[in-house]
Amino acid sequence: MNGFDWDVALDSLPVLLGGFLRVTLLATALGTLVAAVLGLVVAMAGRGPTRFVTVPVRVVTEFVRSTPLLVQLVGAAALFNTVEPLYIGIAVLGVHYAAYTSEVYRAGIDGVPKGQWEACRALSLSPRRTWQAVILPQAVRNVLPALGNYAISMFKETPFLAVITVQEMVFEARKYGADHFAYTEVFTLAGLIFLVASYPTSLLMRKLEKRLGH
């Protein structure tokens, strides 16, 4: 077994960082934004007054949660083969995680004390004002750590985008390894980059969760 070649690792670092900064972070940031916004919309739609809204929302959400992300990526790429793969990847990541963040939002909304709803009705606040000024600020504050954890999970699943030819960091690592016959160095380095980026963020989310819990 060959030893670890530090020269190869250092040579591949700019290539990996290029894929990391250009694609991996972009896909994570935009995918998280889609998941956060769409998840809130799904959570509120699931509380709709009619089954014509709540039932389809529930069925679609369960379908997304019950199928693998990899299958969703390949299926979306086949259906929308004229769309840029990166855009497909961001959309699929966002929709996939929106199915999970919607449950987080639902729990946050359900966690708002009933007295808050009753106070809004006593003050004759409109439903829109009730949601905007009273319910959502409290619910979102309570679920921020969970949303952050899902963002970290999404970040670690961006390598799946390589199956639809998105040139993120692991895609670049595999390409570099094939060109230089040095898979050990580049994949070890890619793993370390993921670790350095995700571990401090997870610690921050734990600290935020403890602070919001007090």
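**Salt bridges, pockets and core**

Reply: Five salt bridges are counted in this structure, which is a predicted model.

Me: What makes Arg65 and Glu103 a salt bridge, and which helices hold the two residues?

Reply: Their side chains meet at 3.9 Å, N to O. The limit is 4 Å, and the pair therefore counts. Arg65 is in helix α2 and Glu103 in helix α4, so this pair ties together parts that are 38 residues apart in sequence.

Me: How do you know that Asp110 and Arg106 form a salt bridge?

Reply: The N to O value for Asp110 and Arg106 is 3.1 Å, which lies within 4 Å and therefore qualifies. The two residues are four apart in helix α4, a separation of about one helical turn.

Me: Which residues are linked in a network of salt bridges?

Reply: The network links Glu62, Arg65, Glu103, Arg106 and Asp110.

Me: Are Glu62, Glu103, Arg106 and Asp110 buried, partly exposed or exposed, and why?

Reply: Buried requires under 20% relative accessible area and exposed over 50%, with partly exposed in between. Glu62 has 38%, Glu103 31%, Arg106 37% and Asp110 43%. Each of these values falls between the two cut-offs, so each residue is called partly exposed.

Me: What is the volume of the largest pocket, and what lines it?

Reply: The space in the largest pocket comes to about 320 Å³. Its lining has 16 residues, and Leu38, Val60, Val64, Gln72 and Val95 lie nearest the centre. At least two lining residues come from each of α1, α2, α3 and α4, and α4 gives the most, with six.

Me: How do the lining residues of the largest pocket divide by class?

Reply: The lining has 14 nonpolar residues, two polar and no charged.

Me: What is the class make-up of the lining of the second largest pocket?

Reply: The second largest pocket holds about 200 Å³ of space. Of its 13 lining residues, Val42, Gly46, Val57, Glu103 and Arg106 are closest to the centre. By class, the lining has three nonpolar, four polar and six charged residues. Glu103 and Arg106 belong to the charged class, because that class comprises Asp, Glu, Lys and Arg. Helix α2 gives the most to this lining, with six residues.

Me: What makes a group of residues the largest nonpolar core, and which members touch the most others?

Reply: A nonpolar core requires buried residues of the nonpolar kinds, joined through side-chain atoms within 4.5 Å. The largest such core has 16 residues, of which Ala27, Leu73, Leu86, Val92, Leu93, Leu161 and Val166 touch the most other members. Helices α1, α3 and α4 each supply at least two residues of this core, and the largest share, six residues, comes from α4. Beyond four places in sequence, Val92 is in contact with Leu69, Gln72, Leu73 and Ala76.

Terms used
Residues are numbered from 1 along each chain as its sequence is written. This is a predicted model: local features need pLDDT of at least 70, side-chain atom pairs count only at pLDDT 80 or more; totals for chains, interfaces and linings use all residues. Side-chain values use heavy atoms; hydrogens and water are left out. Buried means under 20% relative accessible area, exposed over 50%, partly exposed in between (1.4 Å probe, protein chains only). Contact means heavy atoms within 4.5 Å. On a 1 Å grid over the protein atoms alone, a cavity is a set of points where a 1.4 Å probe fits but cannot get out, and a pocket is an open set with protein on both sides within 12 Å along at least five of seven lines; lining residues have an atom within 4 Å of a point. Grid points are joined across faces, edges and corners, and a volume is the space filled by probe spheres set on the points.
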